[in-house]
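Open the model in your viewer and keep the selection panel at hand.

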Amino acid sequence: MFSKAFEISLAKSYEYHSYEGSNENASLFSEMVSLRAVGVPTSYIVCSRSFWQNDFYVDRTVLDPRPESELIIDVTKDLLFDGMRVLDLGCGSGCIGLSLYKENSNITLFLADFSKKALSLAKKNAEELKADCEFIHSDLFSNIHNKFDLIVSNLPYVAKDDFRNLQREIILHEPHEALYGGRSGLRIIKLFLDGVNRYLNKNGIFVIEFGKGQDFLLREEFLRFNFNKVFFYKDLNNVNRVVCVKKDT
Ligand SMILES: C[S@@+](CC[C@H](N)C(=O)[O-])C[C@H]1O[C@@H](n2cnc3c(N)ncnc32)[C@H](O)[C@@H]1O
């Protein structure tokens, strides 16, 4: 917040024991501190969040990207090929899809969300990162009319009981429709699983994030939908948080 308010680089800001800026800079800084004191997340105050290799513009219209979602990039970055059709469904700030684009700018990227505000923010990030991509306003697959080689998705998965116990600053400041996944947490993910096969090309893959402990419920869903090529990936806490599923035919 200090470097943002005083318009100096983060590295430079560590060099000062005391720093004299203008009155405008100082009052902006004190305004930022007041917002933080009432629990507004720092990334919303400075309108920026670092994710994978880039900084993304964020505000309270989108989820504040989480470091654990970088696991999706880790799992998929080596699968990208020129011309690959990639869909980020529930793109929010666009951090997942746009990070993949920065890994290989020859993919054909589509960013979709049911929040118009999220889509316009993702557009801003795409412009900033000079990414050539398409934006689709869609409630899950309702407005998707093509097939893809890779679908990445971090849909809401917080279960009802866990939602009540979320940190107060998350409940007060982050968009609930980006977090809440119904009683079990998997309401929206199950709807996604119900439709995803129709939107994958032959040999297509989907990669999704889910909550701690939900892998057991997901395994049952994969059996129900006849997904057999299923690979789970663990986060830094050694907990399964991402799954990659390959289409059978
Ligand atoms: C957990 S946030 C993830 C945002 C971003 N991908 C990230 O990782 O930071 C979930 C996103 O899915 C979107 N979303 C929720 N339900 C949706 C639905 N039915 N159809 C499309 N998007 C949806 C929300 O608007 C939100 O942007």
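**Before you start**

Residues are numbered from 1 along each chain as its sequence is written. You are looking at a predicted model, in which local features need pLDDT of at least 70 and side-chain atom pairs count only at pLDDT 80 or more, while totals for chains, interfaces and linings use all residues.

**Stop 1**

**Stop 2: the ligand shell**

Next, select the ligand and what surrounds it. A residue belongs here if its C-beta atom, placed from the backbone, lies within 6 Å of the molecule. There are 23 such residues, and Gly-90, Gly-92, Phe-114, Asn-154 and Ala-178 are the closest. Colour the shell by class: 13 residues are nonpolar, seven are polar and three are charged. In this scheme Ala, Val, Leu, Ile, Met, Phe, Trp, Tyr, Cys and Pro are nonpolar, Asp, Glu, Lys and Arg are charged, and the others, Gly among them, are polar.

**Stop 3: the nonpolar core**

Which residues touch the most other members of the largest nonpolar core? Select Val-86, Leu-109, Phe-110, Ile-151 and Phe-206, out of 52 residues in that core. A nonpolar core is a set of buried Ala, Val, Leu, Ile, Met, Phe, Trp, Tyr and Cys residues joined through C-beta atoms within 7 Å. Buried requires 20 or more other C-beta atoms within 10 Å of a residue's own, exposed means 12 or fewer, and partly exposed is in between, with C-beta atoms placed from the backbone. In soluble globular proteins, nonpolar side chains tend to be buried together.

Now centre on Phe-110. Leaving aside neighbours within four places in sequence, Phe-110 is in contact (C-beta atoms, placed from the backbone, within 7 Å) with Val-86, Leu-87, Cys-133, Glu-134 and Ile-136.

**Stop 4: Ile-189**

Move to helix H10 (residues 187–196), where you will find Ile-189; helices (H or I, at least four residues) and strands (E, at least two) are DSSP runs numbered from the N terminus. Is Ile-189 buried or exposed? Ile-189 is buried, because 25 other C-beta atoms lie within 10 Å. Beyond four places in sequence, its contacts are Leu-155, Tyr-157, Gly-181, Ile-208 and Phe-210.

**Stop 5**

Select S8 (residues 229–234) together with S9 (residues 240–246): they run antiparallel and are joined by six bridges. Two strands pair if DSSP finds at least two bridges between them. Pick out Phe-232, whose bridge partner in S9 is Val-243, and Lys-234, which stands opposite Asn-240 in S9. Five residues separate the strands in this hairpin, where Asn-238 takes a positive phi near 65 degrees. None of the six residues of S8 is buried, so the strand lies largely in the open.

Lys-229 sits in S8 and counts as exposed, with 11 C-beta neighbours inside 10 Å. Leaving aside neighbours within four places in sequence, Lys-229 is in contact with Val-245, Lys-246 and Asp-248.

**Stop 5**

Most residues other than glycine have a negative phi, and most peptide bonds are trans. Stay in S7 (residues 200–209) and select Asn-203, which has a positive phi of about 65 degrees although it is not a glycine. Asn-203 is exposed, with 10 other C-beta atoms within 10 Å.

Finally, jump to Glu-7, in the loop between helix H1 (2–5) and helix H2 (10–13). Glu-7 is not a glycine either, and its phi is positive, about 55 degrees. With 11 C-beta neighbours inside 10 Å, Glu-7 counts as exposed.

Technical notes
Two residues are in contact if their C-beta atoms, placed from the backbone, lie within 7 Å.
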